[in-house]
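Okay, thanks for having me, everyone.

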Amino acid sequence: MAEIRRILLIISGGIAAYKALEIIRRGRERGLAFPTILTTGGAQFVTPLSIAALSGEKVYQDLFSLTDESEMGHIRLSREAELVVVAPASADLLAKMAAGMADDLATTALLATDKPVLVAPAMNVMMWRHPATQANIQILRERGVGIIGPVAGDLACGEEGDGRLAEPTDILDAIEQSLPAPDLPLKGKRVVVTSGPTHEAIDPVRYIANRSSGRQGHAIATAFARLGATTILVSGPTNLPDPPGVKVLHVINARQMMGEVLKALPVDVAVCAAAVADWRPAEAQTEKIKKKGSEESRKLDLIANPDILATISRAGPKRPKLVIGFAAETEALEQNALAKLEKKGCDWILANDVSEAAGTFGGEFNKVQLFSHGLTEQWPKLSKIDLGMRLAKRVAATLKDPPAKRAKSA
Ligand code: C5P
């Protein structure tokens, strides 16, 4: 029989709390076990007894319970399961999660966990659409929290619109997809990912940079780590938190990025997702450049930065088995991507449209086309997180069954 997978279920307040019972019931049929935390609000709608009767597990309610703390501290509770699921997630709990509050058992466990988190919001449509809730959801999404629903329909409050808890079967599907892959297909593999922009100093206070947020590169590193790869992320300056389970090396400029990537070799896979500045000031001044009187123009001498992608693609015996680059294009996507594949000497190019209309820079979604030698794949529009996972899975499949081998067996 398949192994039972443990999910820490957090039930917060809201009429949809009763559906958590259905999640437990149907989930157990799928081989999932649900130790549960019931918030004070949640306990207004379902009882610990009905939860325990269905789950066959203990239901935790108090942060400062002497017996629970001696049997199982909240830290252990938050880490013992493979995944933490909040269903239903109230507007209040989402706000607390976004703010990093820890004033009860549920919020403390959510802050202390090192496991992936999935939330299933349910609330009144106006509460869901409120900019405050939307901003909180955005923050959580950026931190890698999975979000399922809400869906549109009749709401318990009598209004209509989006705010209904996603269907229990859909939540269970999302749970299964969010659980770390049991066989960790990239275990034993080593991957280096570059991410973010680079800052090229003009003087101690000024620099040349670009609009890259680093979200795509960070999401790729997260996905590789989740599939079991030893993952090294070499990141330029970003506002993003370090992804869990990833070794992060922070750099400022292209030369430092190149240095850290070369030090990380040998690796099985290199993904160059950073928007490396192509040029840097020929001479970075050690003192702040002063304006001279009525000076109306000034020339800045630029020299080319090293091309990290091209360098590792030609790294001789240390060359990774798979070198992947990005091509940010605003026109003639295919033509430019194919030319880049040749010029850089890499194995795959993920080409994305960064024209303003596509909203890729700093945005949440990305749409790419994968170009390899003799192969083109159009990927659907995906969140940057999902795109990272799709890429990591695609890499895992290719390393297991390289194209030459596949061609022979075809
Ligand atoms: O030449 P272009 O900047 O369009 O190429 C984009 C690809 O090359 C990206 O994968 C980027 O990470 C990589 N690159 C690099 N080092 C550079 C410039 C680009 O690794 N100096």
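Before I count anything: helices here are DSSP runs of H or I with at least four residues, strands are E runs of at least two, and both are numbered from the N terminus. Also keep in mind that this is a predicted model. Counted that way, the chain comes to 15 helices and 23 strands.

So, the overall picture. The C-alpha trace spans about 70 × 70 × 45 Å along its principal axes. Of the 410 residues in the chain, 41% are buried. And if you take contacts between residues at least 6 apart in sequence, 69% of them join residues at least 24 apart.

Let's go to the ligand. Which residues come nearest to the ligand, out of the 15 around it? Those are Cys272, Val276, Ile308, Leu309 and Gly325. In terms of elements, α12, residues 308–313, and β18, residues 322–329, each give at least two residues to the shell. The largest share is from β18, with three residues.

Okay, helix packing. I've got two pairs for you. In general, a packed pair of helices is described by the angle between the axes and the distance between them.

Pair one is α1, residues 17–29, with α9, residues 168–178: the angle is about 55° and the axes are 9 Å apart. The crossing of α1 past α9 is right-handed. On the α1 side you have Lys19, Glu22, Ile23, Arg26 and Gly27, and they meet Pro168, Thr169, Ile171 and Leu172 in α9. By class, that contact has four nonpolar, two polar and three charged residues.

Pair two is α5, residues 91–99, with α8, residues 131–142. Here the angle is about 50°, and the axes are 9 Å apart. That makes α5 oblique to α8 as well. What is the handedness of the crossing where α5 passes α8? Left-handed. From α5, the contact uses Ala91, Leu94, Ala95, Met97 and Ala98, and from α8 it uses Ala132, Thr133, Asn136, Ile137, Ile139 and Leu140. The classes for this α5 and α8 contact are nine nonpolar, two polar and no charged residues.

Two single residues before I stop.

Gly153 sits in strand β8, residues 151–154. In sequence, Gly153 and Arg164 are eleven residues apart, and in space they are 6.5 Å apart, C-alpha to C-alpha.

The other one is Leu184, in the loop between α9 and β10, where β10 is residues 190–195. That's the α9 from pair one, which packs with α1. Leu184 is partly exposed because it has 14 other C-beta atoms within 10 Å, and being buried would take 20 or more. Leaving out residues up to four places away in sequence, Leu184 touches Leu227 and Gly228. Then there's Glu82: Leu184 and Glu82 are 102 residues apart in sequence, and 14 Å apart in space, C-alpha to C-alpha.

That's it from me, happy to take questions.

Definitions and conventions. Residues are numbered from 1 along each chain as its sequence is written. This is a predicted model: local features need pLDDT of at least 70, side-chain atom pairs count only at pLDDT 80 or more; totals for chains, interfaces and linings use all residues. A residue is near a molecule or strand if its C-beta atom, placed from the backbone, lies within 6 Å of it. Axes are lines fitted to C-alpha atoms, for helices over the stretch in contact, and angles run from 0 to 180 degrees between N-to-C directions. A crossing is left-handed if the near helix is turned anticlockwise from the far one by less than a right angle, and right-handed if clockwise. Two residues are in contact if their C-beta atoms, placed from the backbone, lie within 7 Å. Ala, Val, Leu, Ile, Met, Phe, Trp, Tyr, Cys and Pro count as nonpolar, Asp, Glu, Lys and Arg as charged, and the others, Gly among them, as polar. A residue is buried if 20 or more other C-beta atoms lie within 10 Å of its own, exposed if 12 or fewer, and partly exposed in between; C-beta atoms are placed from the backbone. Angles under 35 degrees count as roughly parallel, over 145 as roughly antiparallel, 65 to 115 as roughly perpendicular and the rest as oblique.
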